[in-house]
Amino acid sequence: KKDPRMAELLEIARHLEGQVRHASKHAAGVVISQEPLTEYLPLFKTPKDEITTQFDMKGVEKIGLVKFDFLGLRTLTVIHKAVETINLRLSRAPLANKEQFDVSRIPFDDAKTYELLSRGETAGIFQLESSGMRDIVIKMKPQCFEDIIALLALYRPGPLSSGMVDDFIKRKKGAVKITYELPQLESILKDTYGVIVYQEQVMQIARTLAGYSLGGADLLRRAMGKKDPEVMAREKVPFLKGAEKLGVNPRKAEAIFDLMAKFAEYGFNKSHSAAYALVSYQTAYLKAHYPVEYMAALLTSEVQDTDKVVKYIHEVRQMGITILLPDVNQSMGDFTVMEAHDRENVEPGSTIGSLRFGLAAVRNVGLSAIEAIVEARETKGPFTSLMDFCRKADQRRVNRRVIEALIKCGAFDNTGSRRARMMDGLDMAIDQGGKHQDQEAIGQFSIFDSMDDQKELALPDVPEWKESRILAHEKESVGFYISGHPLAAFEADIKRYATATTETLESIQDGKEVTICGVIAGLSPKMTKKNEKMAILNLEDLFGAVEVIVFPDLYKTASHMLLTDTPLIVTGQLDKSEQGNKIKAVRLHLLAEVKKKGAVRMDIKLSATGLTQDDLLKVKEILLRYQGAIPVYFRLQNPTRKESLISVGRELRVNPSDQLIS
């Protein structure tokens, strides 16, 4: 009342309050009606000329219209691309089987697919590749399609924290006896080992035990899912009455209603889970039977995401597939299958095929340049040298920056010249090639031109780069190391001393202490407000990179380690945010120093979910085989509570040999 500005502000605010702020749209929502939509509700055109309903989702539902969500999955494109490549190989094979491979006709009881899942080889498999999910897949060991549907429905915060997942796995393994309150429940809950997992099961129970209609059962499911006590109390009465009519014991009916109410809040829509499980199974089947074609399609789809490409290249090598450098004479834009063998017919330890890097993965090489390269080699023949390439490939589309990137990533290695010589002679080659193309354009050729074309100008005779420089240039041009990795020789040591990798950080809780091993890919020195030195590192391991913050106190004692290109072990607190993962370092060591000192204790990380007494007895049996002087601790990972550290006892000490670790 006293301040006129406040009075004006409140007056404006009163008019604004309750008004619609803006028109938003559901990205995948499509409203479908029997008559034109204008017969039912007002429409609205967005600034991008998209037609949307003026009513929101709930309003649309209230007037009786249906909203469908159409999800677009990149994985469907990966499957399509893999199937195309498989059929191309089958059509070219000697004594070719003319029947095309069809992913929609694969068997759902394929032992090889379930074996692959049970081993935890889930990288690149739709919905199953996170490390937390991988742990549960290994424990559950799915043996049928129903198991995969249940896995996807159960892997959510609610079921994980409630112990439901634990119970499910123990029942599946036979560690807990499966019982049913009433015989009628067996046919409904048999596939999920007596556990209510799906919303549809809640509806089926209501129909079977209390005579609900489909619509009534759906309303009951909704009420239970929302956990509204008033609505629940209202719904309990008709349920118990209906059960009594059908001759169900009132006490048991009440117990089952309470059980349904408990599980309904965690229940998942089975139809949704089944659709996703189908895509998961198809990707697992392709990876098990056609690994080279599937991984080529997967890498092509993720070519713009460096972290994922690094992860999948590591997986490809683990699978026994050879990764070949980009090649100006063989690479297309996408990753291509050079050779593929059926896994069954390959000797253990030998390669199951090879993949050629796509040119689209090389930085500074755009679509126009790729088209020009493929066009030139198809019309004028393969490139025999850098000089020959500069004469044949259209220099308006393939400029110096493109050629430099191709040399650095090794795309010219098969033409017979060393990378250092080609880089030193690049300007000369471009100049000669440009003159040749200019003369060709105006049709000015002398009798000696054909002889000049055959004559190669000698590239400068300079020594080849050191391996570290070759790898650094590969990383610069592609975003990661291809022909090797500075950490490759230390893989066994990293497994021994690190508790996490950049890949597994996603599944570790915020604030937990982690130990990670990597090389410094970037270093930014900083000054604090108190004028103290600190640093931010870009630490890279075999799977990707993570930011590490080194605060002043640690920087004072460890700054000399930050100037080295040797592997570093970082222990620190994991800090998760929308910007990504960071590690606040508390200790830094050189891997070489840690190896010299040797182990002082052995920690074994175990997921508490689904852990049985049998599992622990197997671990004990292994430990007893390698007795020594080092104490052993279990780090029990729990999805909802803090990690528990438990000593296995003073009497059981081990020798932490490579055999024990493996």
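Modeller: Buried means under 20% relative accessible area, exposed means over 50%, and partly exposed lies in between, with a 1.4 Å probe and protein chains only. Buried residues make up 43% of the 662 residues in the chain. This is a predicted model, in which local features need pLDDT of at least 70 and side-chain atom pairs count only at pLDDT 80 or more, while totals for chains, interfaces and linings use all residues. Residues are numbered from 1 along each chain as its sequence is written, and side-chain values use heavy atoms, with hydrogens and water left out.

Colleague: Why is Lys-512 called buried?
Modeller: Its relative accessible area is 14%. The term requires a value under 20%, so Lys-512 counts as buried.

Colleague: Where is Lys-512 placed, and what is Lys-512 in contact with?
Modeller: Lys-512 belongs to the loop between helix 24 (491–497) and strand 8 (513–527). Helices (H or I, at least four residues) and strands (E, at least two) are DSSP runs, numbered from the N terminus. Contact means heavy atoms within 4.5 Å. Apart from neighbours within four places in sequence, Lys-512 is in contact with Gly-572, Gln-573, Leu-574, Gln-637, Lys-642 and Glu-643.

Colleague: What makes Glu-315 count as buried?
Modeller: Glu-315 has 14% relative accessibility, and therefore counts as buried. This residue lies in helix 16 (residues 306–318). With residues up to four places away in sequence not counted, Glu-315 touches Ala-123, Lys-287 and Met-295.

Colleague: Which residues does Phe-145 contact?
Modeller: Phe-145 is found in helix 6 (residues 145–154). Leaving aside neighbours within four places in sequence, its contacts are Phe-108, Tyr-114, Ala-274, Ala-277, Leu-278 and Tyr-281. As for Met-232, Phe-145 is 87 residues from it in sequence and 34 Å from it in space, C-alpha to C-alpha.

Colleague: How do you know that strand 8 and strand 11 pair?
Modeller: Two strands pair if DSSP finds at least two bridges between them. Six bridges join strand 8 to strand 11 (residues 568–577), and the two run antiparallel. The bridge partner of Glu-513 in strand 11 is Gln-573.

Colleague: In what order do the strands of the closed barrel run?
Modeller: The closed barrel has five strands in the order 8-9-10-12-11, with mixed pairing. From one strand to the next, the twist averages 50°. Axes here are lines fitted to C-alpha atoms, for helices over the stretch in contact, and angles run from 0 to 180 degrees between N-to-C directions.

Colleague: What makes strand 5 and strand 6 edge strands?
Modeller: They belong to an open sheet of three strands, ordered 5-7-6 with mixed pairing. Strand 5 (321–324) and strand 6 (336–340) each pair on one side only. Neighbouring strands of this sheet are turned by 20° against each other on average, direction ignored. Strand 5 and strand 7 (residues 353–356) pair in the parallel sense over four bridges, and Leu-324 stands opposite Arg-356 in strand 7.

Colleague: How many helices and strands does the chain have?
Modeller: The chain has 28 helices and 16 strands. Its C-alpha atoms fill a box of roughly 105 × 85 × 80 Å, taken along the principal axes. Among contacts with a separation of 6 or more, 65% are between residues 24 or more positions apart.
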